Amino acid sequence: MNNFTYTTAGSITAALQHTKRHPQAMYIAGGTNLLDLWKYNLLHPQTLVDLNGVPGYHTIEAKEGGGLQLGALVTNAATAYHPLIEQRYPLLSKAILAGASAQIRNMATNGGNLLQRTRCYYYYDGDVPCNKREPGTGCSAIKGYNRIHAILGASEHCIAVFPSDMCVALAALEAVVQITGQQGKRSIPFADFHRLPGNAPEKDNALQAGDIITSIDLPAKEFAHHYSYLKLRDRHSYAFALVSVATALELEGNEIKEARIALGGVAHKPWRIPEAEQLLQGKPATAESFAQAADKLLEGAQGYPHNQFKIELAKKAIIRNGLMALHPETQLPGAQPSA
Amino acid sequence: MRFFENQPAVTNAPEGRVEGVAKVTGSGKYAAEYHAGNMCYAVMAGSTIASGTIKSIHTTDARQVAGVLDIITHTRKPLVPGMADAAKIKESRFGLPVFHTDNIYFKGQPIALVIAETLEDATYAASLISAEYTTTEAKVDFDKAHAAVPLNAAGKERGSADAWRDAPYQSEAEYTIEHEVHNPMEMHATIAHWEGPDKLKLYDKNQGVNNVQRTFARLWNIPADNIEVFSEFVGGGFGSGLRVWPHCLAAIMAAKQVNRPVKLVLTRPQMFLLTGYRPKSWQKVRMGADAGGRFTGLLHQARHSTSVYESFNDGITRISRMVYNISNVKTEQATVPLNMSTPTWMRGPGDCSGAFAVECTVDELSYQLKQDPVALRLKNLAITHDPESGKPWSTHYLNECIEKGAALINWQQRKPLPGQDKEGDWAIGYGMATGMWNAGRGNASAGITMQRDGAITVKTAMTDIGTGTGTGIQNIAHEQTGIAKNKIKIELGNSHLPPAPSQGGSTGLSTISGAVAATCNALKQKLAGYAAAQDDTYKNAQAADIVLSDTGISWQTAGNHFIAYTSLFEKNNLTTVEVEASSGPGAERQQYAFCSSAAHFCRVKVHTKTGKVKIDKMVTVADGGSIVNEKAAANQISGAVVGGIGMALMEEQATDQRYGSLIGNDLAGYHFAVNADAPVIEVAFINKPDKNINPSGAKGLGEVGIIGCAAAIVNAIYHATGKRLRSLPVTPDKILLG
Ligand SMILES: Cc1cc2nc3c(=O)[nH]c(=O)nc-3n(C[C@H](O)[C@H](O)[C@H](O)COP(=O)(O)OP(=O)(O)OC[C@H]3O[C@@H](n4cnc5c(N)ncnc54)[C@H](O)[C@@H]3O)c2cc1C
């Protein structure tokens, strides 16, 4: 860990000025990801700009006409336990609580969660090639130990996955990311926020240098009645997903009016396929229907020697989670399979 | 929260540990928490290759970091007399000759040690160190390497392979277990302080202070008495503190080099690399039974990994020679050198790996034979004699453990065939297995200091690594002397206290109990000597004649010829009474064989669609002789069972086969069981004394809690699903694709 200058920003404008003056500057919010990477010598910020003192982004507010605005600096824990989230967007609450540990969620912020880096082992090992860490050096995972890696949307340059749980729910809920940058404000729909690795795996998302996430906006559609988050992992808690699924349904009787399905742990971004969701429209909410959607979502999936199992696991998880979404009240804690 | 619905009923909370308050209030210090005046900090930098030699090390950038005092490498270091040349290094048997070789044996091998004013300076400077190497091909792929290594006989063959070639019931299969890491909560750490040119003080995390003391007396060629080692509080060991590791020598070298006290604390990733691990293993077991279900033959072969710079042998097939009566037994082993650091003993070493393969094989035979696994085991147990030595077991109650465990888990509810019990998509299964461990005992000393108010302090160099040794000593001293527990203090974990062996191999309490009993007797004799001056009755008293209480001494029954301690102290002009005594095993070891044992039972739920495994209930019943302290003993077992759950379902330190690097080597990447993975663990004991082993009758419990545990779980998974999984850990993918 190198020596650095630490500064607190009192406003978004002040923060932006710092990063304009110091291109080597980095923002810090909860620090749960940044500090780890720094201590592993993967990042070397010369200036640290602390966003926590910036007023105005620490609350969750209802928006006129429906929807909520989640301040970027609200912690993951405060978000998950917020009455408005628990009651109106329970899918988001469940997904957040399936992630990390209570201690980490107390520190982690909503903005930071979107920007956490991959957990690819080779990204963390500074001694070996990694295109995400050092573009052009090669991908060590493709021919290495790739148990936790992507089966969808990967490229020959990178097969890392984006590890967030929260973002899987945000993708299903079609959240919108609000940003203020050197050129002013803009918003990005969640589907366009994270990107696939392609030939630039060093870029995880659509942010430009200096951009600050100010809030994450949830649209009016809440899916508060039929939803489920299923997280399959190597242990019961405090483990990243092998495969996770966020399912949100709007039903009329047993007929699906609208469906959202997003997968985590399988790609460089939360994985959604609109055609798969359309397939379900007007169909009965049965294992057979979810199986069809699963096949569509996994179309073109490619496994590697250590993660081939994820293709089958993802399909089964989608079916299981579809059925679980029908009866949220019977779900077991810990985002595990119920029934 | 359904997790917490099953509140265990707590009636009469059992008494706490002697060190409990010090631990929870933070007043008890772990090695890294000490401070020495003018102390500086050392951080190790590791090699980036797994095999080769160092051409050059670049330390220029690191030296420029403010606060850096010096940098030790193999070309710049203080003289360690015991490592002065290649022959001495070999003779030292220290393991990795850290900073004494340009050879690289594994990735991350320490190549430089930065010493700086602050931890931050040293950490940053260490990150700036680089080296050039001549790289040679690294061998890290155990699966590829092991088949080429010939097996050697492990123990004398019993009977012959021909005798059971045609056994009507046979199971033959291969089993593998991944590399596992101890990961005690407390990091290994050393503070080295040269108080004089040949006088050394060490605050160190380890399981045996006298072992550390002896090791460095040899390496530095100074009298052992000149070295004082403190390990008063140890935050877990699991075997990782039984050896003296390179970082400890590194800290001492650094302190010599800069002539100041130096603190060196391993980082968590270094904990995965530099303090040993359970080696990765391959096993093949063939077992036969006759039509009645009597085992007729067993062939057990095992290979496991070791390093290229020394050989560590885990003894995986030992368990095959002790549990069952089998006339024809052949066991073979080999170690497979890899470009990895050296493995070491990890809780239930050897037997734990061996029991997985053998107890799964027994389970498989039970289904072939259509006999209940409980009944099959009871029929075949070697319950009266040790099949290896032929000696009678001093005490051995594994049969009772099995019967009691079966009752506690409601074994009769188990359906005989696999895959019969379902709750939705959850398949329910029952499994069981046994574990055994040779119950050892070493030589140890203990001392007592008595104050005029009758308060005593019992002292020994033995460490308490969380096992409850101190609490056990207090209980034994109370029983032996009659002095109230709140008047008995315990001092341990210091090499200047009466010597004791390392805390390990489940021998700690067995070993120290003899010394404590002996020193209690010595106290009685000494007090009787003083009493004799006041009352002739006490002349030529034996310890057995003396009855002590909180306030004074009596003859044969309490109150008889009573003399108050205050009076004894006054008349004899005493400030304290000091005694010390030693004790160790004797002729009983010729006469008997000694063992501890356990039976593990598991009820498991397996989600057939997603491969998720939930352990519904674990029951472990152990025979550890007398239970000296129920709470500490139950802690030992439930902690070991949690380790067994990790072994069965998730623990796996993967290695990259090209770079030789450990993968996911931190507590987020390496999964061991968390609370949510552990069910209610029901622990019970047979609690019958072994009168021959030592004065306390306790046989040791540290290991048996994990030995056989993984097999019980995997057997339950088979019973639930019909899937026989032979590679640990059983992660969801193996269930799904199995
Ligand atoms: C051991 C461990 C286990 C974990 N397990 C899980 C898990 O199972 N599931 C899961 O989803 N997550 C998991 N996490 C990740 C955790 O959720 C993230 O670390 C956390 O959400 C990051 O938030 P933060 O506020 O701490 O970010 P920081 O570490 O402060 O920042 C992360 C990055 O975002 C940038 N940044 C932060 N805020 C802003 C902003 N407002 N605008 C612009 N840039 C910003 C920083 O510059 C930095 O680059 C785990 C983390 C750890 C350490």
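Colleague: Which elements of chain A each supply at least two residues of the shell around the ligand?

Modeller: Helices (H or I, at least four residues) and strands (E, at least two) are DSSP runs, numbered from the N terminus. Here strand S2 (25-28), helix H2 (34-39), helix H7 (110-115) and strand S8 of chain A each give at least two shell residues. Mind that this is a predicted model, where local features need pLDDT of at least 70, side-chain atom pairs need 80 or more, and totals for chains, interfaces and linings use all residues. Residues count from 1 along each chain as written, chains are lettered from A and ligands numbered from 1 in written order, and side-chain values use heavy atoms, without hydrogens and water.

Colleague: Which residues come nearest to the ligand?

Modeller: "Near" is a heavy atom within 4 Å. Of the 34 residues around the ligand, Tyr27(A), Gly31(A), Thr32(A), Thr109(A) and Asp165(A) come nearest. The ligand sits between chains A and B.

Colleague: What about polar contacts?

Modeller: For the ligand, look for N or O pairs within 3.5 Å. A backbone N or O atom of Tyr27(A) is 2.5 Å from a ligand oxygen, and one of Gly30(A) is 2.8 Å from a ligand oxygen.

Colleague: And which strands stand at the edges of the sheet?

Modeller: Strands pair if DSSP finds at least two bridges between them. The open sheet runs S4-S5-S8-S6-S7 (chain A), paired antiparallel. S4 (60-62) and S7 (184-189) of chain A are the edges, each with a single partner, so one side of each lacks a neighbour in the sheet.

Technical notes:
A polar contact is a pair of N or O atoms within 3.5 Å; within protein, one must be able to donate a hydrogen and the other to accept it, and residues adjacent in sequence count only if both atoms are side-chain atoms.
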